[in-house]
Amino acid sequence: MSASTQKITLAKGLNMGLRKAMEDDPKVLVMGEDVGKLGGVFRITDGLQKDFGEDRVIDSPLAESGIVGTAVGLALRGYRPVVEIQFDGFVYPAYDQIVCQVAKMHYRSKGRSPMPMVIRIPFGGGIGAVEHHSESPEAQFAHTPGLKVVACSNPVDGYWMMQQAIASDDPVIFLEPKRQYHAEKAELDESATPEPLFTSRVVRRGEDVTVLAYGPTVKTAMSAAEAAATEGRSLEVIDLRTLSPLDMGPVYESVRRTGRAVITHEAHVNLGIGSEVAARITEECFYSLESPVLRVGGFDTPYPASRIEEDFLPDLDRVLDAVDRTLAY
Amino acid sequence: MPDPATERGQNRDGFGPDLAEVFGPSQNDGGPELVQLLTPEGERVHHPEFDMDFSAEQLRGFYRDMVLTRRIDTEATALQRHGELGIWAQLLGQEAAQIGAGRALRPQDYVFPTYREHGVAYCKGIDPLSLLGLFRGVDHGNWDPAEFNFGLYTIVIGAQTLHATGYAMGMQRDGVVGTGDPERDAAVVAHFGDGASSQGDVNEAFIFAASYNAPVVFFCQNNQWAISEPIERQTRIPLYQRALGFGFPGVRVDGNDVMATYAVTQAALQRARDGQGPTFVEAYTYRMGAHTTTDDPTRYRLSDDVESWKLKDPIARVEAYLRRNGLIDTEFVDDLKKEADDLGAHLREGCKSMPDPKAMQMFDHVYADMPEELVAQRDGFAAYLETFEEAR
């Protein structure tokens, strides 16, 4: 390990990314519930208030619309607010401010009032939580013009994508797979040059089937690829990383080679990101397809009680089952 | 089932005062707390806290501003009737509230309006013609908020009060609050109405502003009506009294009295600029016209009510005062009439010659950095449109 590399968790990567952005630009503010002394319920903002002060790391009253609405005002004043929504299921009180104000301000003002805001949302399940703490609301925001939506899947991306999202002059919904916050560490080289933010990435090369994933399901897809390899099947895995805009170039290139695609996300299948991805693959790769594009996601039920959440969430076996079905064509 | 909005006077033993006593069945006169410096008859009266001296020039200025503001409103209403505007949100009767609040501003103060603040926009130096674009349907707002320190009209009720609070928090961080330098210290005015006072966003704005002691004046034009719903549907206590529950002062001012509105707003703004935090100003007024040009108030309110408010007209009382004290002459009145006529012509001609946007402009400014997929969608539509050109 060289001097500029270290092993970090996703939580640490995000924390370091926030810190770096705050060091680089005094206009960057962090705002949310419990983000100050506590460092956030997941400790993503740990230590930031101590080092940057209460004016830049702001504990807010417990009101999500208020958090996002005041962040709009701060952005209009020239700040770059990074707001934390404590859990995915609590974003809805802020939904109006996000889709009617944050998303539309630049458009409404003919470009005169940019909204350089990052809305961080810990998302996804698998932590044994009560209702409203395990949801995947990305499609609600990807459907809204004016917003950009990204999802990180690993510690290194957490570090770079956070800084890139904060540097974006467009508002970014930044989804963090909470189940991975304190999971495996990865080696971060701070001197490396990151890929651009709004790009997808092939994370495992393969030949038989393309498996698309983002956020928490990237790990699921990688496990599935390893298991498939033992049976002699070669899966290509793509981490979409950006959900709006989608970066479909690498996906088309892959599907044209494999002829088969499976997309997996924790969000409900109906009208999820997978539906849009499947439609686009069909439009662009029709003559390369050997089978329909299959979706493996959360069922179209409300998020269930946590004792059965692993049955709701896509797992290695359900991904492999879909892979088998595409190969059966 | 008794309707709590209309049934009053229930015994509330053990739970504080009878609300019927606090908030009587008729609040037509604004109640004893109303701050007033000029009566509806044009009599100058004095107030222990908010009294101030006005120069003749200042009063003539208020009068002129209100006459021109009313002209903007009547002209735009006529343009809607002629089919030149899709809709217009009328301010008839609220001229004093808006000019009083607008003239109390300093250039560095920032305003977050609803969609009815035409008089405040005029005070901030925005060409009234710019206000017509969104009602005509050619844009969503056509002035630079940063140039005029006046935000774009906000259609979602109450959403802008949070933006105002956040902007005020930004001012605190920029060190332009409580320095004692009158050229530097700044504050924000958040406009909203009685209907908006029921919105969660407005209540959250109160909480955030109080919590951070933000330099914001919450200026509520209580015009008694939220489309068809009377003020009793929104509140059981006088609105200004709500402020106390949030931890900052509230005051009810006669919103048809430009002198009182100016004095109260100016004091509230100074408190904010000095770093003493938010104030709630309830400008007690009346929506003389419809909610918008699509509304028909004869379906839900009595003409008697409207007639009684006509006697409290904000412009007539200033004119009476100015004439009685010999502060305006025929020449002033004639000049003002000509100025109003010129403004009317400017609006009529400007509105009718406002070009429609090009279809392709719908793709402009969705993003600061336009994604490739939207570029492709735009270019695809342009190519599609061109096929029609070729067919001609």
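**Ground rules.** I'm working from a predicted model, so I note that local features need pLDDT of at least 70 and side-chain atom pairs count only at pLDDT 80 or more, while totals for chains, interfaces and linings use all residues. Residues are numbered from 1 along each chain as its sequence is written, and chains are lettered from A and ligands numbered from 1 in the order in which they are written.

**Sheet in chain B.** I looked up the strand order and got E1-E2-E3-E7-E6, five strands in an open sheet with parallel pairing. Helices (H or I, at least four residues) and strands (E, at least two) are DSSP runs, numbered from the N terminus; two strands pair if DSSP finds at least two bridges between them. At the edges I found E1 (110-112) and E6 (250-254) of chain B, each pairing on one side only. Neighbouring strands of this sheet are turned by 20 degrees against each other on average, direction ignored. Axes here are lines fitted to C-alpha atoms, for helices over the stretch in contact, and angles run from 0 to 180 degrees between N-to-C directions.

I then checked E1(B) against E2 (188-193) of chain B: they are parallel, with three bridges. B:Tyr110 sits opposite B:Val188 in E2(B).

Helix H10 (258-273) of chain B lies across E3 (216-222), E6 and E7 (279-284) of chain B, and runs at about 170 degrees to E7(B). Contact means C-beta atoms, placed from the backbone, within 7 Å.

**Where the chains touch.** I got 32 residues from chain B and 35 residues from chain A in the contact. On the chain B side, H7(B) gives the most, with 11 residues. By class, that side has 16 nonpolar, nine polar and seven charged residues. For the classes, Ala, Val, Leu, Ile, Met, Phe, Trp, Tyr, Cys and Pro count as nonpolar, Asp, Glu, Lys and Arg as charged, and the others, Gly among them, as polar.

Most residues other than glycine have a negative phi, and most peptide bonds are trans. The A:Ser244 to A:Pro245 bond is cis, with omega near 0 degrees; A:Pro245 is in the loop between E12 (242-244) and H9 (249-258) of chain A.

A:Lys110, not a glycine, has a positive phi of about 55 degrees. I find A:Lys110 partly exposed, with 17 other C-beta atoms within 10 Å. (Buried is 20 or more other C-beta atoms within 10 Å, exposed 12 or fewer, partly exposed in between; C-beta atoms are placed from the backbone.) A:His132 also has a positive phi, about 75 degrees.

Notes: Two residues are in contact if their C-beta atoms, placed from the backbone, lie within 7 Å.
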